[in-house]
Amino acid sequence: MQNQFIMAGVMGWPVAHSRSPAIHNHWIQHYGLTGAYGLFPVKPQELETAIRGLQALGLAGCNITIPHKVEAMKFMDWVDPLAQRMGAINTIVRQPDGALHGFNNDGFGYIQSLREEQPTWRADTGPIVILGAGGASRAILLSLMDEGATEVRLLNRTRSKADALAEEFGSGVTVVDWSERQNALSGAALLINTTSQGMHGQSSLDIDLAQLPISAVVSDAIYIPLETPLLARARLRGNPTVNGLGMLLHQARPAFQAWFGVMPEVTPALRQAIIATL
Ligand code: NAP
């Protein structure tokens, strides 16, 4: 049993809203470990100093959240190839020799969350429609392609961003114009919302689901609210749905393992503890 005190945390600006302390501290307690996970509000101009401080303070590492995910890569001694392809990191692991290694577990979190709700899910069962082309979209798209997705329809309000993202993937990813989003749902096996539309305080996603097969899984990266208006509409018409909480919980697992030496489980108790904070 580990008895050394291990510290980790999350750097962001602002960061007070982050659920990561609740997740990691739940696991520290659950697995009887000695350590703590804290919040580090780090201004953009102080990011480098803060990251260099990990070594001086003896932290095991930290998570990196908005707006630092891209910038933080510059200060790593090594970046995992998947994170390099994503162009962003969300986890830093300090090595025994002090070197800082960067990872991105968002895509892992998304795939695990789908599998948890839909154990028989496969990436190649049919067309996948992704709405949005920001950071979450990039992580999810990469992971889906790595899982064997063969046909992705990518749509974004600003088409040029979808075009740029699709260019990296060749023929498997087709960009569809945002104005065609209703028609893009025809024959789809999976619909994913990675836009901020439907998030607490934002207007809901403007899309008619009439052409979406009832068998299609509908998932949303958003977790506040747990059931977005999109997921509510999908559930009412009979589609299986997956909310964004699983992605949030599962992305935390590899980081916790790297810092604390235990691959933690997403249990109903953890889920309830985090839902209570939403
Ligand atoms: P981002 O990089 O800022 O991307 C935002 C996306 O939303 C862009 O595609 C943007 O399109 C689109 N958008 C914004 N306003 C829109 C509107 N009025 N109509 C249509 N599209 C609109 O953000 P992100 O980091 O990818 O995050 C996106 C969502 O995923 C957020 O709600 C976030 O909470 C969630 N997320 C969840 C997890 C998790 O663990 N569950 C992890 C990461 C992110 P334009 O390019 O046209 O602006």
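Accessible areas here come from the Shrake-Rupley method with a 1.4 Å probe, and for residues only the protein chains shown count as cover. On that basis the accessible surface of the chain comes to about 12,300 Å², and carbon and sulfur atoms hold 53% of it. The model is predicted: local features need pLDDT of at least 70, side-chain atom pairs count only at pLDDT 80 or more, and totals for chains, interfaces and linings use all residues. Residues are numbered from 1 along each chain as its sequence is written, and side-chain values use heavy atoms, with hydrogens and water left out.

The chain has 10 helices and 12 strands. The C-alpha trace spans about 55 × 40 × 35 Å along its principal axes. A compact globule of 278 residues would have a radius of gyration near 19 Å, and the chain agrees because its own value is 19 Å. That radius is taken over C-alpha atoms, and the globule rule is 2.2 Å times the number of residues to the power 0.38.

Of the 278 residues, 52% count as buried. Buried means under 20% relative accessible area, exposed means over 50%, and partly exposed lies in between (1.4 Å probe, protein chains only). A contact means heavy atoms within 4.5 Å. Among contacts with a separation of 6 or more, 67% are between residues 24 or more positions apart.

The chain carries 20 positive and 23 negative charges, and their mean positions are 4 Å apart. Lys and Arg count as positive and Asp and Glu as negative, while His and the chain ends are not counted. Each charge is placed at NZ of Lys, CZ of Arg, CG of Asp or CD of Glu.

Next come the aromatic rings. Rings of Phe, Tyr and Trp (its six-membered ring) pair if their centres lie within 6.5 Å; planes under 30 degrees apart count as stacked, over 60 as edge-to-face and the rest as tilted. By this rule there are five aromatic pairs. One of them joins Y31 and F256, whose ring centres are 6.5 Å apart with planes at 45°, so the pair is tilted. Y31 lies in the loop between α1 (20-30) and β2 (35-41), and F256 lies in helix α9 (residues 245-260), so this pair ties together parts that are 225 residues apart in sequence. Y31 is partly exposed at 22% relative accessibility, whereas F256 is buried at 0%.

Another pair is W78 with F103, which is edge-to-face at 5.8 Å centre to centre and 65° between the planes. W78 is in strand β4 (residues 78-79) and F103 in strand β6 (residues 100-103), so the parts tied together are 25 residues apart in sequence. W78 is partly exposed at 38% relative accessibility, and F103 is partly exposed at 23%. Ring pairs also link W27, Y31, F256 and F260 into a cluster.

Helix α9 also holds H250, which counts as buried because its relative accessibility is 6%.

V152 lies in strand β8 (residues 152-155) and is buried at 0% relative accessibility. Leaving aside neighbours within four places in sequence, V152 is in contact with I128, I130, L141, M145, G172, V173 and T174. V152 and A166 are 14 residues apart in sequence, and their C-alpha atoms are 9.3 Å apart in space.

Conventions: Helices (H or I, at least four residues) and strands (E, at least two) are DSSP runs, numbered from the N terminus.
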